[in-house]
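Take a look at the sequence and the 3D structure below.

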Amino acid sequence: MRIIPDEVWAALTIWQEARNQPYEGLLAVAEVIQNRMRRKFNSDGTVIGTVLRGWQFSGWNTGDVNRLWSARLDDTEVQYILALKAWRDILTGSSVVPDAVFYYNPAGVTHTPDWAVPANFIVQIGAHHFYKG
C-alpha cells in the first residue's frame, strides 16, 4: 500500500477548491485548512482528518468530478505545483485570511450558508468569500 504524504492531500484539496483563483486564493484555502487543523474545527487536527471530513471540502464529496480528476492529476501540472507551493508557504508563516475557517463561492451555491453572516466576513479573494467561525 502506498502512503500519500500530508502535503499531497493538502495540495490536492487546494487544487480542487481554488485552482482557478489567483495565487492569494490558493494561499487562503491553504490557510483555512491550517486554521481548522490548529483549532480542531471540523477536524481531528490532521491534514487527512481535516480535508476528508464529510461535506467540508466539496472536491472530496462523493460524485464531485474534482475527486476523480484529482486522483488522476499529474504532479507536474502547473496548478498542482502552485497548490503545493501555497501549502508550503502557509506552513512557513504566510497569512492572508487570519482566523478564517469557512469560505465559499457565491456563484456556486443556490443559497447562502448559515455561517456566512456579515459580522464574520473577512475578505473576498477571487471568487471566494472568507469567514471566521
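T13 sits in helix α1. Helices (H or I, at least four residues) and strands (E, at least two) are DSSP runs, numbered from the N terminus. The model is predicted: local features need pLDDT of at least 70, side-chain atom pairs count only at pLDDT 80 or more, and totals for chains, interfaces and linings use all residues. Residues are numbered from 1 along each chain as its sequence is written, and side-chain values use heavy atoms, with hydrogens and water left out.

Is T13 buried or exposed? T13 has a relative accessible area of 0%, so it is buried. Buried means under 20% relative accessible area, exposed over 50%, and partly exposed in between (1.4 Å probe, protein chains only). Not counting residues up to four places away in sequence, T13 touches I33, V51, F57 and W60. Contact here means heavy atoms within 4.5 Å.

Now widen the view to α1 as a whole. Of its 13 residues, 11 are buried, so the helix is mostly covered. Among them are V8, W9, L12, I14 and W15. The buried residues of α1 pack against α2 (23–39), α3 (47–51), α4 (65–71), α5 (78–91), β1 and β3 (128–132). The length of α1 also fits: at 1.5 Å a residue its 13 residues should span 18 Å, and its end C-alpha atoms are 18 Å apart. The expected span is 1.5 Å times one less than the number of residues.

Next comes the core. In soluble globular proteins, nonpolar side chains tend to be buried together. Here the largest nonpolar core has 31 residues. I14, W87 and F130 have the most contacts inside it. A nonpolar core is a set of buried Ala, Val, Leu, Ile, Met, Phe, Trp, Tyr and Cys residues joined through side-chain atoms within 4.5 Å. α1, α2, α3, α5 and β1 each supply at least two residues of this core. Apart from it lies another core, of 5 residues, including V101, F102, Y104 and A116.

I14 shows some of the links. Leaving aside neighbours within four places in sequence, I14 is in contact with R19, L26, V29, A30, I33, A83 and W87. With neighbours within four places left out, Q79 is in contact with W15, R19 and L26. Q79 is partly exposed, with a relative accessible area of 22%. Q79 and Y23 are 56 residues apart along the chain, yet their C-alpha atoms are separated by 9.6 Å.

Turn to the largest pocket. Its volume is about 410 Å³. A pocket is an open set of points on a 1 Å grid over the protein atoms alone, where a 1.4 Å probe fits, with protein on both sides within 12 Å along at least five of seven lines; lining residues have an atom within 4 Å of a point. Volume is the space filled by probe spheres set on the points. Of the 20 lining residues, E17, Q56, F57, S58 and Y103 are the closest to the centre. β1 (100–104) and α1 (6–18) each supply at least two lining residues. The largest share, 4 residues, comes from β1.

Most residues other than glycine have a negative phi. K40, in the loop between α2 and α3, has a positive phi of about 55°. W55, in the loop between α3 and α4, has a positive phi near 60°. K40 is exposed, at 56% relative accessible area, and W55 is exposed at 69%.
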